[in-house]
Amino acid sequence: ERRQKKAQAKALAAEHDGGQIETNGARGNNASDEKFAKLLSQNEDDLLTFVADINKLYQDKLDKPAPFVTFVICGMQSAGKSTIMERFMNAPVNIVQEGTGTRCPLDTTCIHVSNLSVPTCELSGKELDGSPLTGLTIEQAFVAITQHNMVLANEDRFSSESLKLVYRAN
């Protein structure tokens with residue numbers, strides 16, 4: 001099974017770059033370093049797409065967390081953590097209010113998709129009713145996240161169970 005997953009990863013990488021980059025696992029190899037430098041010097045959109053493809057491969061095919069760009073935002077109550085997330089994503093994603101608004105962690109994965117004209121979202125979590133919500137607009141995701149936080153507020157509790165948001169945008 002590991003060999004099959006590794007072959008899928010190689011196939012996806014070859015599909016993305018037209019087979020120009022070999023993935024033989026060698027480290028410190030001058031030829032590999034030159035190919036990697038060539039990839040890095042290409043158009044930034046191509047590189048971001050490649051990173052998004054690798055993240056998607058890890059998440060969808062290998063059932064592993066995305067390996068690139070991880071931020072952990074921590075702070076005291078009402079310190080502006082949700083506001084920072086909104087600035088990163090250029091969209092409202094979490095309740096922002098006086099006092100305590102966010103009552104559970106929001107694990108957000110951002111994936112760059114160059115051909116998307118409108119961002120799309122997926123939302124899941126153990127405490128959400130039903131199966132994962134897919135094909136959401138950012139506004140629909142915001143409403144679902146806000147409703148969940150309001151339910152927790154009405155129950156006068158916090159939750160350590162995170163909501164998982166996948167945000168795809170250009």
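A residue is taken as buried when its relative accessible area is under 20%. By this criterion, in the predicted model, strand β4, which spans residues 163-169, has 6 of its 7 residues buried, and the strand is therefore largely enclosed by the rest of the structure.

Strand β4 pairs with two strands, β1 and β2. The pairing with β1 (residues 106-112) is parallel and comprises 7 bridges. The pairing with β2 (residues 120-124) is antiparallel and comprises 5 bridges. V166 of β4 takes part in contacts on both sides of this description: T109 stands opposite V166, and V166 is also the bridge partner of E122.

A nonpolar patch was identified on the surface, formed by F71, I73, I84 and F88. Together these residues present about 400 Å² of accessible area. One of them, F71, is situated in the loop that lies between helices α3 (44-61) and α4 (81-89). The relative accessibility of F71 is 57%; because residues over 50% are classed as exposed, F71 falls in the exposed class.

With regard to aromatic side chains, the search of the whole structure returned 0 aromatic pairs.

Methods:
Residues are numbered from 1 along each chain as its sequence is written. This is a predicted model: local features need pLDDT of at least 70, side-chain atom pairs count only at pLDDT 80 or more; totals for chains, interfaces and linings use all residues. Side-chain values use heavy atoms; hydrogens and water are left out. Rings of Phe, Tyr and Trp (its six-membered ring) pair if their centres lie within 6.5 Å; planes under 30 degrees apart count as stacked, over 60 as edge-to-face and the rest as tilted. Patches are made of residues with over 30% relative accessible area and no salt bridge: like charges are joined within 9 Å, nonpolar side chains (Val, Leu, Ile, Met, Phe, Trp, Tyr) within 5 Å. Accessible areas come from the Shrake-Rupley method with a 1.4 Å probe; for residues, only the protein chains shown count as cover. A salt bridge is a side-chain nitrogen of Lys or Arg within 4 Å of a carboxyl oxygen of Asp or Glu. Helices (H or I, at least four residues) and strands (E, at least two) are DSSP runs, numbered from the N terminus. Buried means under 20% relative accessible area, exposed over 50%, partly exposed in between (1.4 Å probe, protein chains only). Two strands pair if DSSP finds at least two bridges between them.
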